[in-house]
Amino acid sequence: MISVFGSLIGDEEIANVMACMRSQWMGFGKNVEIFEKKYMEKYHLPSFAMVDSGSNALYMAVKLLDLPHGSEIILPSFTWVSCAQAILLAGHRPVFCDVDHRTMNVRREDVEAKVTGKTAAVMVVHYAGLAVDMDPILSLGYPVIEDAAHAVDSTYKGNPCGAIGDVGIFSYDAVKNLTVGEGGGITARLPARIERAKVMRYCGIGKSGFDSAVANAGGKARWWEYNIQEPFIKMLPTNIAAGIGIAQLDRIDTLQKIRADIWRHYQDEFGRLGWITTPVDAQPGDRHSYFTYCMRMPKRDDLAHYLLDNDVYTTVRYHPLHMNPLYKQMDVRLKNSEVLNDDCLSIPLHPRLSTDDVNKIVDLIKKFGKTHAL
Ligand SMILES: Cc1ncc(COP(=O)(O)O)c(C=O)c1O
């Protein structure tokens, strides 16, 4: 079966994991600091902290804004469930808005349509790694959380996605452009927010036992006592995850080049077929991360099943959240998101695909079009 998502792990990642094992220390440690420094430098971020998942980073991002309890946060319905869960768990109300059916990204008018007296913030998602047009959204004047889970390596007008709004998050889960198995990151325009995030991620404890020991090295120091600054859950990343991340970061340009080449090939091949609407490329001056190749077509379900029958796995990202009863917004109509729910399909795009895999996928899709007179 050709998988729809995938990563490419090499000897360096394995060596870094083995080094952790041999050192007998797998928990939070030095590798996290090294990864954070390298990641910040590579992507020119003003501040950065690694955490244990992108989902948890979203929750932390919402909490970092210190909004009044019960505030409304506007976000696209066409996104991953963690976005809405983070808002709910932080004691606020997710208010779903539509996206543009071509870019699959939220626009200023989509947000404006949902503004009420309780609106306190906006959450945007750089879908598939295509940068949201941030300036019009920022000009609305609300604090903006950027979900850059798909957008490691993406830029908007020369700036790294994730670091354009007030707080931004990244995901390094098993299928992302940079993977550590499970992991995430958080950045903020104000570095003080990330200093706080580093406290929050360790149950709100200001200093780790080790740091306290160093700080309190005097003769009567009680290094086992710590200063709890605020209530928070544990989101510490491990030395193992960070070690994998360090190696992934060293090879990210190569991984991105593989993704870009496959994307270009798909764009050329499918752009010629009248029945497929290909995804939008990055605006001049922006950079796409090519996280997923999501195209649109008639007979989407039939194509997905045909590909599955031929050992090619595909998926739909995302089933719109407002269509899920949990959020009690099923009566809301978001036309573009609902259309995308019926006609978009993510086909395999990742650095472990071989040329044969890519050719097989393209041939199967062309054949499907012919046999269905599309
Ligand atoms: C848009 C979006 N946001 C957040 C997340 C959560 O990231 P993680 O899987 O690291 O928790 C994902 C995961 O797929 C995602 O697609």
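## The ligand shell

Helix α3 gives the largest share of the shell around the ligand: three residues. This is a predicted model. In total, 15 residues surround the ligand. The closest are G54, S55, W80, A149 and S171. Two elements give two or more residues to this shell, namely α3 (54-64) and α4 (81-89).

What classes of residue make up the shell around the ligand? Eight are polar, five are nonpolar and two are charged.

## The seven-stranded sheet

Seven strands form an open sheet. Their order is β1-β9-β8-β5-β4-β2-β3, and the pairing is mixed. The edge strands are β1 (49-51) and β3 (93-97), and each pairs on one side only. On average, neighbouring strands of this sheet are turned by 25 degrees against each other, direction ignored.

Strands of a sheet pair through backbone hydrogen bonds, either parallel or antiparallel. Strands β1 and β9 (residues 184-188) run antiparallel, joined by three bridges. Across this pair, A49 stands opposite I186 in β9.

## A proline in a loop

P348 is found in the loop between β11 (344-347) and α12 (355-371). Is P348 buried or exposed? P348 is buried, because 25 other C-beta atoms lie within 10 Å, and the cut-off for buried is 20 or more.

Which residues touch P348, leaving aside its neighbours within four places in sequence? P348 is in contact with I2, S3, V4, V312, L353, D357 and I361. Take V4, one of these contacts. P348 and V4 are 344 residues apart in sequence. In space they are 3.7 Å apart, C-alpha to C-alpha.

Definitions and conventions:
Residues numbered from 1 in each chain as written. Predicted model: local features only at pLDDT ≥ 70, side-chain atom pairs only at ≥ 80, totals over all residues. Helix = DSSP H or I, 4+ residues; strand = E, 2+ residues; numbered from the N terminus. Buried ≥ 20, exposed ≤ 12 C-beta atoms within 10 Å, placed from the backbone. Contact = placed C-beta atoms within 7 Å. Pairing = 2+ DSSP bridges. Axes fitted to C-alpha atoms, helices over the stretch in contact; angles between N-to-C directions. Near = placed C-beta within 6 Å. Nonpolar A, V, L, I, M, F, W, Y, C, P; charged D, E, K, R; others polar.
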